[in-house]
Amino acid sequence: CHLVHYLRLSHHLIVLNYLIGTFDKLKSVSSEHVTITDAVFDGVEVRVFEPPAKQDETLKRAVVYIHGGGWALASARTSLYNNLCRIMAESLSAVVVSVEYRLVPEVCFPEQFHDALRATKHFLHPDVLAEYSVDPSRVAVSGDSAGGNLAAAVCQQLSKEEHMTVRPKLQALIYPVLQAFDFNTPSYQQNMNMPVLPRYVMINYWIDYFNGNYDLAHSLVINNHTALDVSQALSFRGRLNWTSLLPSSFKKDYKPVIQTTGTAEIVQKLPALLDVRAVPLLAENDILQRQPKTYILTCENDVLRDDGVMYAKRLENAGVEVTLDHFDDCFHGCMIFTIWPTDFSAGVQTRNSYIKWLDENL
């Protein structure tokens with residue numbers, strides 16, 4: 001993929017997703033335990049997992065699930081996410097709607113957000129919930145990594161729309177990516193070269209999401225885009241002060257990287273860097289106060305650890321009930337790795353904890 005990208009034969013993400021799809025994409029295959037169908041919700045493709053109704057049950061619970069992959073990779077139809085959503089549907093006896101949003105480079109921000117929002121709003125319509133025999137008071141919105149980003153952004157947007165008659169009861173965010181303001185939080189510094197998601201890869205995902213130029217990567221790494229002289233960033237600085245939002249066990253001996261003089265042109269070229277639809281951690285307190293009961297799963301060996309921890313703290317400060325589920329020995333992306341040959345104990349451990357919380361709270 002790097003060779004293809006270098007030679008400009010095609011976008012490297014197109015090639016990588018083609019390879020993933022060729023070897024891994026599954027057709028909808030139902031079983032006696034779960035009925036799996038593909039549908040379109042307000043122009044957005046989804047895969048729906050429906051468990052059989054229990055004898056003593058009139059209405060089911062439901063989860064809208066948004067997959068990860070840096071807004072650019074994977075699919076609701078790949079075996080990893082197909083397996084996760086099937087197990088969720090079985091374990092929770094819940095309808096699971098897995099959103100097949102469009103990917104980079106076909107589309108860039110804000111289209112992924114719009115797809116996730118449209119599909120979720122469509123499902124939350126009372127007539128659609130009735131069609132799937134779902135209890136309107138027992139719906140969660142969830143996602144992992146970039147999908148956690150979209151899930152958080154969708155919940156924030158839904159909280160602003162006064163005409164909505166049905167709102168999510170819960171949000172559950174799995175190692176979510178929530179900010180592009182500071183690429184030198186303690187977890188970014190500690191895990192900058194960690195396999196699966198090193199810092200430079202996460203920064204490139206952001207650049208791709210915003211349809212930017214990779215030449216900006218180095219300036220982003222050293223926080224030139226949020227230097228003290230970048231006026232556009234000043235109003236957001238207090239909302240992402242990790243020195244006050246993180247516990248001392250996470251801060252350790254790491255120091256903030258705050259440039260005095262930076263490059264304001266970066267924000268002009270990539271205004272979405274400060275758009276709360278892309279970076280939910282920068283939302284105002286009055287929006288955070290409206291968020292539903294929240295679960296956030298974080299892993300120690302992950303550049304995004306502090307994104308989730310800071311969001312949990314900000315939500316808690318705003319009066320939202322939050323469960324922060326931290327795993328000291330786990331890594332980014334581990335929850336979907338439960339199928340041979342990538343069947344890791346970390347995946348089973350995190351998945352079971354996540355499903356247990358949903359079962360107890362949804």
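Strands β7 and β8 (residues 322-331) run parallel and are joined by seven bridges. Within this pairing, threonine 294 has valine 322 of β8 as its bridge partner. The model described here is a predicted one.

Strand β7 itself covers residues 293-301, and seven of its nine residues are buried. It also pairs with strand β6 (residues 170-174), again in the parallel sense, over five bridges. In that pairing, isoleucine 174 stands opposite leucine 297 of β7.

Leu297 is among the contacts of threonine 350, together with Phe327, Cys330, Cys334 and Met335, when neighbours within four places in sequence are left aside. Threonine 350 belongs to helix α16, which spans residues 345-361. Its relative accessibility is 0%, so threonine 350 counts as buried.

An unreviewed UniProt entry carries the annotation "domain: Alpha/beta hydrolase fold-3" for residues 63-221 and 274-335. In the model, residues 63-221 are 44% helix and 17% strand, with end C-alpha atoms 35 Å apart. Residues 274-335 are 27% helix and 31% strand, and here the end C-alpha atoms lie 29 Å apart.

In one of them, phenylalanine 41 and phenylalanine 123 have ring centres 6.2 Å apart and planes at 10°, so the pair is stacked. Phenylalanine 41 lies in strand β1 (residues 35-41) and phenylalanine 123 in helix α4 (residues 111-124), so this pair ties together parts that are 82 residues apart in sequence. Phenylalanine 41 counts as buried because its relative accessibility is 3%, and phenylalanine 123 counts as buried because its value is 0%. Phenylalanine 123 also forms a tilted pair with tyrosine 132, at 6.1 Å centre to centre and with 55° between the planes. Tyrosine 132 is buried, as is phenylalanine 123.

Elsewhere, ring pairs link Trp71, Phe109, Trp206, Tyr209 and Phe210 into a cluster. A ring may also face a charged side chain: arginine 305 lies over the face of phenylalanine 250, at 4.2 Å from the ring centre.

Most residues other than glycine have a negative phi, and most peptide bonds are trans. Tryptophan 71 is not a glycine, yet has a positive phi of about 60°. Tryptophan 71 is located in the loop between β3 (60-66) and α3 (79-92), and it counts as buried because its relative accessibility is 0%. Alanine 74, in the loop between β3 and α3, likewise is not a glycine and has a positive phi, of about 75°. With 16% relative accessibility, alanine 74 counts as buried.

Phenylalanine 109 is joined to proline 110 by a cis peptide bond, with omega about 10°. A cis peptide bond also joins valine 104 and proline 105, where omega is about 5°. Proline 105 is placed in the loop between β4 (94-100) and α4, and proline 110 is likewise in the loop between β4 and α4.

Notes
Residues numbered from 1 in each chain as written. Predicted model: local features only at pLDDT ≥ 70, side-chain atom pairs only at ≥ 80, totals over all residues. Heavy atoms only, no water. Helix = DSSP H or I, 4+ residues; strand = E, 2+ residues; numbered from the N terminus. Buried < 20%, exposed > 50% of the residue type's maximum accessible area, 1.4 Å probe, protein only. Contact = heavy atoms within 4.5 Å. UniProt positions renumbered as here; feature names shortened; annotations may be inferred. Pairing = 2+ DSSP bridges. Phe/Tyr/Trp six-rings, centres within 6.5 Å; stacked < 30°, edge-to-face > 60°. Lys NZ or Arg CZ within 6 Å of the ring centre and 35° of its normal.
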